[in-house]
Protein chains: 4
Amino acid sequence: MPRFEEKRETMSHNSFGHLFRVTTWGESHGPAIGCVIDGCPPGLPLTVERIQARLDQRRPGTSRFVTQRREPDKVQILSGVFEDDRSDGPRTTGTPISLMIENVDQRSKDYSSIRDRYRPGHADYTYEAKYGIRDYRGGGRSSARETASRVAAGAVAFTLLEAMCPQLTIEAALIGLGPHRIDPARTNWSTRHDNPFWCPDPVAAQEWEGVLDTIRKEGDSVGALIEVRASGVPVGLGAPIYGKMDADLAAALMSINAAKGVEIGAGFAMADGRGSDMVDTMHPGPDGPTFAPSGPDNINGGVLGGITTGQDLVARLAIKPTSSILKEVPSVTKDGDAVKVQTKGRHDPCVGIRGVPVAEAMMALVLADHLLRHRGQIGEGGL
Amino acid sequence: MPRFEEKRETMSHNSFGHLFRVTTWGESHGPAIGCVIDGCPPGLPLTVERIQARLDQRRPGTSRFVTQRREPDKVQILSGVFEDDRSDGPRTTGTPISLMIENVDQRSKDYSSIRDRYRPGHADYTYEAKYGIRDYRGGGRSSARETASRVAAGAVAFTLLEAMCPQLTIEAALIGLGPHRIDPARTNWSTRHDNPFWCPDPVAAQEWEGVLDTIRKEGDSVGALIEVRASGVPVGLGAPIYGKMDADLAAALMSINAAKGVEIGAGFAMADGRGSDMVDTMHPGPDGPTFAPSGPDNINGGVLGGITTGQDLVARLAIKPTSSILKEVPSVTKDGDAVKVQTKGRHDPCVGIRGVPVAEAMMALVLADHLLRHRGQIGEGGL
Amino acid sequence: MPRFEEKRETMSHNSFGHLFRVTTWGESHGPAIGCVIDGCPPGLPLTVERIQARLDQRRPGTSRFVTQRREPDKVQILSGVFEDDRSDGPRTTGTPISLMIENVDQRSKDYSSIRDRYRPGHADYTYEAKYGIRDYRGGGRSSARETASRVAAGAVAFTLLEAMCPQLTIEAALIGLGPHRIDPARTNWSTRHDNPFWCPDPVAAQEWEGVLDTIRKEGDSVGALIEVRASGVPVGLGAPIYGKMDADLAAALMSINAAKGVEIGAGFAMADGRGSDMVDTMHPGPDGPTFAPSGPDNINGGVLGGITTGQDLVARLAIKPTSSILKEVPSVTKDGDAVKVQTKGRHDPCVGIRGVPVAEAMMALVLADHLLRHRGQIGEGGL
Amino acid sequence: MPRFEEKRETMSHNSFGHLFRVTTWGESHGPAIGCVIDGCPPGLPLTVERIQARLDQRRPGTSRFVTQRREPDKVQILSGVFEDDRSDGPRTTGTPISLMIENVDQRSKDYSSIRDRYRPGHADYTYEAKYGIRDYRGGGRSSARETASRVAAGAVAFTLLEAMCPQLTIEAALIGLGPHRIDPARTNWSTRHDNPFWCPDPVAAQEWEGVLDTIRKEGDSVGALIEVRASGVPVGLGAPIYGKMDADLAAALMSINAAKGVEIGAGFAMADGRGSDMVDTMHPGPDGPTFAPSGPDNINGGVLGGITTGQDLVARLAIKPTSSILKEVPSVTKDGDAVKVQTKGRHDPCVGIRGVPVAEAMMALVLADHLLRHRGQIGEGGL
């Protein structure tokens, strides 16, 4: 084992947000995972049921298209809420909210197959290189299991957003499965709860079942494209220069496991266009300017100069195929020898599916933070 | 004028980086712009000439394809370096490095055309909505002129990188101008200094002259695609979870004016693929694992789990077309009336060109910060 | 209940430290309290027993001079350490260390006496004024129970210090109980474990038993003076200007419940003196300068310009008398009526006693943070 | 010269405050010093004259009791304010405010006497030990000249406080010169501007002239005691646990050059007392509770649980005697040889005098930051 001082990261990096600040902790196969939320305002109604409902959306085992691990992911609130006999229910007090999820599916299994070899596409090698030690059980801290803490914290952020900004909604959907895309003509976001993919196009959702069944049976995996959008966003959220709403969203979404690309509004298509086409025209409206609804609308994705315009805030996120596949992939052992790695087990054939509630949670965390940062009128009942 | 407490951003947001921390200041048409770099280690050789050389790459007026404003952008070092008669030249002392660039082309012109109307695609409306007051001269703080401070700070970061990690190089290039792309078969990055576009494909560079001349004469503008890559990157830079190298890069690049999308490695193409194809295989190498050099190489762009693998670090950035165009665009006045906005003046027909040295600077700032954060062996002469 | 957005603190404030960063959570009578330590290097040997041993020093009920509440304060490590069958024991992995202490003595008692009235000297009124809601059970978050989390985190910091800087020791002692002071001529710090006061003067410790018995029986309380010192401190820890070792220590110690004053080295006595007397003279030594050992030694308390000199680091801390006393004190109710408050229960007659291990923990946290911040040679086996 | 990576501070440490964030830069004998203020709200009236007026209070050469260096300390505003022909004067815009003071008294003198030897009581040795390089001219960054930037930034904080909280005032005074103290019976704070000491006791001020003349002529120096207090402070400023108002004040004041002790309210006297005596009793008042005005009033100094009570906020600060004295003091050279150091030049015989406006500035910075952090009603015209 290396001397501890030889290898490390100097900066603490398990917190997200500035004023609504979340610190997550826990390894995939340790006793528990959880988070601490510091900076949540007092007086918010907060129940364990609300958090649980969000967590259930991300839970393993909900369909044959996600991992079959059995993790009930039951959350506990350990601090930061208070209720007395005169209250109308538990409320936040402005003190840190500690949430914990016990790990129950940590089978005492044989890890010798991954202990000394690096799974390609995973963080095994880089963690080992950086820290000289790693908890290899289920990927330890690098496991996507950490995103359960994000969803739990996101549920608190949603509660804040509902109270401060009731008209605001955030929704994510799977708009691409591998090379397959939804058809905008058939898209209806309210249908995305009706299928196991969070797909807003019912026809595509039907087709994707067959596609993913095939991939799953082949022991392979596939990438995905997620869109996440917020409506009812107040004008003026976000800060110029290094606190831009779009830059913060990019970091938030890119920090999700397996994310490889982020775009805002028309995104990469903007690079191809002309200034005279790629413009959100402005028009007189009842409460300040409105933006042109026609053409490739909302070119800028609801942000100008890093600050929200009041249009929908739109981002898309590319998720790579799950790296854990049954097919053999060349790799090396810890000792530097060649080895073929084949990852058995209960893996997601398309990790992008369970990424949908995580993307929603990250956008909620970014908006909650910026809503607390911003001071100004945001319309009726607002700030 | 609104009461100051009614509208504001609570969080300071003009600093970038954690340990190598840069704070920029200054408006486009104020007396000066500049930055303070806090956290630069002592003992580094640092001359004003080195910083000036980087600034000159971003300077206006270097070709007919960039703005013709006359800004010599001469930088001064006001603190943080010291030389005595026994020194071999000025060296950093570990104290804050203050850099200043005086604004000389701030013509006392008539701003009445932009004072009370919002230029579409610009931050005029959002700044006004957020702050209730804005320095409208040349865009004030929202002007891309702020990126001169980034390039100056980036020059200090480059000096640090050269000293700590001499084998590391960072290069950016314009790989797309509007819908036109470079041809990989003709690409030679060493040629990118030979044309006004930072284009690594000499044939494309030749063709783009005609393309951009036409657009410029039409009073229109065009988007661009920038690639920025670092070679010789040590293994182990970056931190898991919320301090991921790719998430930090995404935020850094997305914070550049006009950026609308960022991808790492194969990026959005990853969403379309299968796990069995989209993999960087690992093989025994002389100093730890090597990654497969064939096929669509470096799928992951040099990062796994947020930590560098030792492969090239590769990112691409979509830049929207300059919003300032001669063509009339519908907009509104401050009072809410409809107006047609036409932006005369000396604007960049493709702001992506001058974005190339800015992208390099941002990657240098990210790597300098992570290099200072990381503790571990990075090979010969390293940390 | 007020609308949540009307009253709050914007900034998260439950974290301490920059690189060795501790976030504490939990209320006195909630389900549990705990902390998350982010930034602890990997490879450190860390057992629950080591943390428990420190916690036991602060535990209630160890003598008749501290509160008789029955809190076993059993700590659990929920994340951040790993042991496999080839390890020599559990080691930190560089991921966040989550510690939890369940609250077992949260009697379901009647809180109506404190629910609607403000205890003078406590934070009841100010929490209510700031947040509009408070968990009044046992003081909630403002209870000194929070310091158990500090001691737990401090135990991890001690583990780090021992590994990185084995010659460094930190010890605190009670050097004053009310107006009574220790006699330097009788002082022997190794005896401070032999009495219930952490008093380094055995004769004074004997006398203080009678003093405190009297005060306790009168239902009154008394203030205290704590000295905390570190020996074997490397030269060069601490940062100039706003990161000064002495400023950080001052903030750390002043953040302890009931603290009202902090001094470094000769402290307030320095204000009275002349420059020609108040000086640590410097002399040639085997490993750099040594400082004069005679006279009122270590005038500067081991810090010059905010950076450690290698001398002992010495601070003293004034602790006010416990505000919870049996004597009646005029106060007001939540509704603004006059009331007499008398605090029954199991309170510390001198809260300074249990403050001693807390002061040690805070100095350990400050030094651990600065040790990780500093890069340089610190002598044998050092950085 | 050492390799730069061998010795350094990892963490940037030249910024103060969280939301009202000040970064200072500059060396005593470099081209200029200055600061950047990030987070100042927009719409504040801010003129260079207001800042200059505060700076003039700290300026050298105002009496024979302070240093005779000739530094006019003329400040320039380089960014962050805007005025157009419809404005009623320059206003802040919410962007960073850059202030610069050129150094004009940087005589090209011979520094060989301090280049290679360490002045006892100064930071010469510790800077050298930490960084391996130092700008020895006039103390470089460790010089108290840096506090001019604090006073300039403090002037902006005062402007903010006046606008947000017009009833709030902050005043500091010298209440002790060496062993001499003011007599409370003669004290009138409005007289402190009438003498060169900022002494609120006119009789003492008269006596101190003779005392300090003697010390000055002997080539010696003397310590001082400063009191700084804020009146009209809103209830509810400050944050629990690690963001306590008193802890932040302690850090702010202890970061001033030559500070060795800080106390809040009755401070160290609290350690000596009984709980039944050391209490601020509470009584019904017109706008919430009032606190007992009799006895040793304001025992807690206006803070309970780290949050302001609405009472005056009171702190005292011990300043050590100027270390630069004409008398010879034993020291060592850079090469480790014994040497006698005698500091000639134009030094302050009591550096505490010029510390008075600095203490005011630091309290203004702390209160401005906490005022921006706090959200709640603060009375008429308030938040």
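In this predicted model, an open sheet of 10 strands is built in the order β10(A)-β9(A)-β11(A)-β17(A)-β12(A)-β12(B)-β17(B)-β11(B)-β9(B)-β10(B), with antiparallel pairing. At the edges stand β10 (180-181) of chain A and β10 (180-181) of chain B; each has a single partner strand, so one side of each is left without a neighbour in the sheet.

Within chain A, strand β9 (residues 169-177) and strand β11 (residues 224-231) run antiparallel and are joined by eight bridges. Along this pairing, Thr169(A) lies opposite Ser231(A) of β11(A).

The sheet passes from one chain to the other at β12. Strand β12 (residues 259-264) of chain A pairs with strand β12 (residues 259-264) of chain B over three bridges, in the antiparallel sense. One position can be followed in detail: Glu263(A) has Gly261(B), in β12(B), as its bridge partner.

The same surface serves both copies, since 100% of the contact residues of chain B recur in chain A.

The contact itself draws 111 residues from chain B and 111 residues from chain A. The size of an interface is often expressed as the accessible area lost when the parts come together. Here chain B and chain A bury about 8400 Å² between them, and 63% of this area is on carbon and sulfur atoms. Tyr242(B), Lys260(B) and Phe268(B) supply 10% of the area that chain B buries against chain A, more than any other three residues.

Polar and charged groups also take part in the interface. Eight salt bridges are found across the interface of chain B and chain A. In a salt bridge between these chains, the side chains of Glu9(B) and Arg373(A) meet at 2.7 Å, N to O. The interface of chain B and chain A further holds 53 residue pairs in polar contact, both residues being at pLDDT 80 or more. By class, the side of chain B that touches chain A comprises 52 nonpolar, 34 polar and 25 charged residues.

Chains C and D also form a sheet. Its order is β10(C)-β9(C)-β11(C)-β17(C)-β12(C)-β12(D)-β17(D)-β11(D)-β9(D)-β10(D), an open sheet of 10 strands with antiparallel pairing. Its edges are β10 (180-181) of chain C and β10 (180-181) of chain D, each with a single partner strand, so one side of each is left without a neighbour in the sheet. Strand β12 (residues 259-264) of chain C runs antiparallel to strand β12 (residues 259-264) of chain D, and three bridges join them. In this pairing, Gly261(C) stands opposite Glu263(D) of β12(D).

Terms used. Residues are numbered from 1 along each chain as its sequence is written. Chains are lettered from A and ligands numbered from 1 in the order in which they are written. This is a predicted model: local features need pLDDT of at least 70, side-chain atom pairs count only at pLDDT 80 or more; totals for chains, interfaces and linings use all residues. Side-chain values use heavy atoms; hydrogens and water are left out. Contact means heavy atoms within 4.5 Å. Buried area is the accessible area (1.4 Å probe) that two parts lose on being put together, summed over both. A salt bridge is a side-chain nitrogen of Lys or Arg within 4 Å of a carboxyl oxygen of Asp or Glu. A polar contact is a pair of N or O atoms within 3.5 Å; within protein, one must be able to donate a hydrogen and the other to accept it, and residues adjacent in sequence count only if both atoms are side-chain atoms. Ala, Val, Leu, Ile, Met, Phe, Trp, Tyr, Cys and Pro count as nonpolar, Asp, Glu, Lys and Arg as charged, and the others, Gly among them, as polar. Two strands pair if DSSP finds at least two bridges between them. Helices (H or I, at least four residues) and strands (E, at least two) are DSSP runs, numbered from the N terminus.
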